[in-house]
Amino acid sequence: MQRWNRKKTQFPVLVFLLFLFIVFSNLHSENSILQIQDGHDRAPRHQDSITYVKPNLFSRQNHGPEILDRFSTCNSTKEYSGRKIAWTDRKPRYGHRRETLESCDVFSGKWVFDNNSYPLYKESDCPYMSDQLACHKHGRSDLGYQYWRWQPHNCNLKRWNATEMWEKLRDKRLMFVGDSLNRGQWISMVCLLQSVIPADKRSMSPNAALTIFKAEEYNATVEFLWAPLLVESNSDDPVNHRLDDRIIRPDSVLKHASEWENADILIFNTYLWWRQGPVKLLWSAEANGACEELDSLGAMELAMGAWADWASKVNPLKKRVFFVTMSREWKPESEGNCYSETSPIDLEGYWGSGSDLPTMHMVEKVLSKLSSKVSVLNITQLSEYRKDGHPSIYRKFWEALKPEQLSNPASYSDCIHWCLPGLPDVWNEFLFHFL
C-alpha cells in the first residue's frame, strides 16, 4: 500500500516532465522549420549538393574573363551542373518606393476606340521612325490600330503631355535596356517627345549598342541599350547577333551595367531571345572555355537572378527602375496568324495559345522580391488583347519583303513587334503616369 502511494505521488511528476518534453520538442521543430524557410528564401550557398554562385563579382578591371562577342565559342560543352545564382532580397535601407498605383490597378481595364485623342503623333511626322514598325508606310491601309485608348476600370491614366514629360526628364538620362521590343518602346518615346524640340536643338547618335537621343534645352537624353538577355552574351552586337549557339555569362550583368549604371531612370525588359532552344552557359569563373547547356527557361532564371542582384542594391530615392513584362507572339487557336486582324480581342481575361505561363510565373517570383526597388509595368495581358497591332507583312527588316513573301503572310508575318503609332505608346503613357 505504501509502495502504491509512492508510485501515485511520482505519477504527476512523470506526466509533468513528459509535458515539458513535448512542448520543447515542438518549439525546437518550429524553430528549425523557420530556419530552413529563412535559409531557403535567402539562397544558401550549399543545399542538397547544389552550388550557389555569387553573381557580378568579376570585372575587366580586376582581370575578369574576356568579353563575349559573336566570335566567342565553347571549347567543350557538358550537361548543366545545377549551379544557381545566390542573390538575396535585401531589406530596404532607403525606404520603400513601390508604385501602389494609388487605389487603382491601371493595368486592369479595356480598350476603347478613340479617334479624337489618338494617335498621339503621326507616323510620317517622326523622323526617327523605324521601318520595321512603320506599318502604314509599308502598305497597311487600315489605320484602326492607331486609335485605341487604354481605359482602366476604376480610374484614368494621366493624359500624355510632351512638355511635362520633358520637365520630368530635365537634367536626367532615361534609358531603355533590353531587346527589340524595348527598342520599339524607346522609338515610341522619342516620337512622342521629339515634336516639341526644335530640329536644331535635338540630335540622335548613330545606331550602336547604345543609341542616344538628346534634347539640348532640357539637358536630357532618351537612350536605348541593346542587351537582349540582360547578362553578357555573344548576341550583344546590335546588328550581327543571329548566331547558331547562344552563349551567356549567367552570373554577370557587369558589362551592360557599366553603361546603364549612371542613368537616372531605367526601363528593362527581356523575353524574346529566351524562346529559342537551349543556351550555353559560360560561368565567369570558368577559365578553360568549358560551357554547360541548359534549357531556355532555366537559363533565363539564372540571368534574372544576376540582374536582380544588381537591382537589389539600387537606392530607389536616387534611381527609378522599371521592368516591363513580356508581350508575346499572338497565335490564334486555329490556323493563321495576326495577318488581316483589324480589331482587339474583346474578352476580358483572354490568354492566347502563345501564352508562356512558366516564364510569367518565374519572372513574377523574382520581381516580387524586388518590390521596394523595381516598379513593374505589367503590360502582358492588355497587350494580349491587341492582335490587330502587329506589323504582319507591312514592314521592312533590313530589306523589304519580296513579292513571293508578301503573298505568303502565313509564313512571313511579324506577330511579335508592334506598329507605331500604336500599343507601345500606351506603355509609355504608363511611365508618364508613374514618374
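**View 1. Disulfides across the whole structure.** Searching the entire structure turns up 5 disulfides, a disulfide being a pair of cysteine sulfur atoms within 2.5 Å. If the bonded cysteines of the protein chain are numbered in sequence order, they pair as 1-7, 2-5, 3-6, 4-10, 8-9. A word on the model before we zoom in: it is predicted, so local features need pLDDT of at least 70 and side-chain atom pairs count only at pLDDT 80 or more, while totals for chains, interfaces and linings use all residues. Residues are numbered from 1 along each chain as its sequence is written, and side-chain values use heavy atoms, leaving out hydrogens and water.

**View 2. The disulfide of C74 and C291.** Here C74 is joined to C291, with an S to S distance of 2.0 Å. The link is left-handed, at -85° about the S-S bond. C74 sits in the loop between strand 2 (50-53) and strand 3 (76-79), and C291 belongs to strand 14 (residues 290-294), so this pair ties together parts 217 residues apart in sequence. Helices (H or I, at least four residues) and strands (E, at least two) are DSSP runs, numbered from the N terminus. C291 has 0% relative accessibility and counts as buried; with a 1.4 Å probe and protein chains only, buried means under 20% relative accessible area, exposed over 50%, and partly exposed in between.

**View 3. The disulfide of C104 and C155.** The sulfur atoms of C104 and C155 lie 2.0 Å apart, and this link is left-handed with -65° about the S-S bond. C104 is in the loop between strand 4 (84-85) and strand 5 (109-113), whereas C155 is in the loop between strand 6 (148-152) and helix 2 (162-169), so the pair connects parts that are 51 residues apart in sequence. C104 is buried at a relative accessible area of 7%, and C155 is buried at 19%.

View 4. C135 and C419 form a disulfide with their sulfur atoms 2.0 Å apart; the link is left-handed, at -95° about the S-S bond. C135 lies in the loop between strand 5 and strand 6, and C419 in the loop between helix 9 (409-412) and helix 10 (423-434), so parts 284 residues apart in sequence are tied together. Both cysteines, C135 and C419, are buried. The C-alpha atom of K396 is 8.8 Å from that of C135, although the two residues are 261 residues apart along the chain. K396 lies in strand 17 (residues 396-397) and is partly exposed, with a relative accessible area of 31%. Beyond its neighbours within four places in sequence, K396 is in contact (heavy atoms within 4.5 Å) with D131, Q132 and H138.

**View 5. The surroundings of S284.** S284 is found in the loop between strand 13 (279-281) and strand 14, and at 7% relative accessibility it counts as buried. The side chains of S284 and D251 are joined by a polar contact of 3.0 Å. A polar contact is a pair of N or O atoms within 3.5 Å; within protein, one must be able to donate a hydrogen and the other to accept it, and residues adjacent in sequence count only if both atoms are side-chain atoms. Leaving aside neighbours within four places in sequence, S284 is in contact with F58, P65, R249, D251 and S252.
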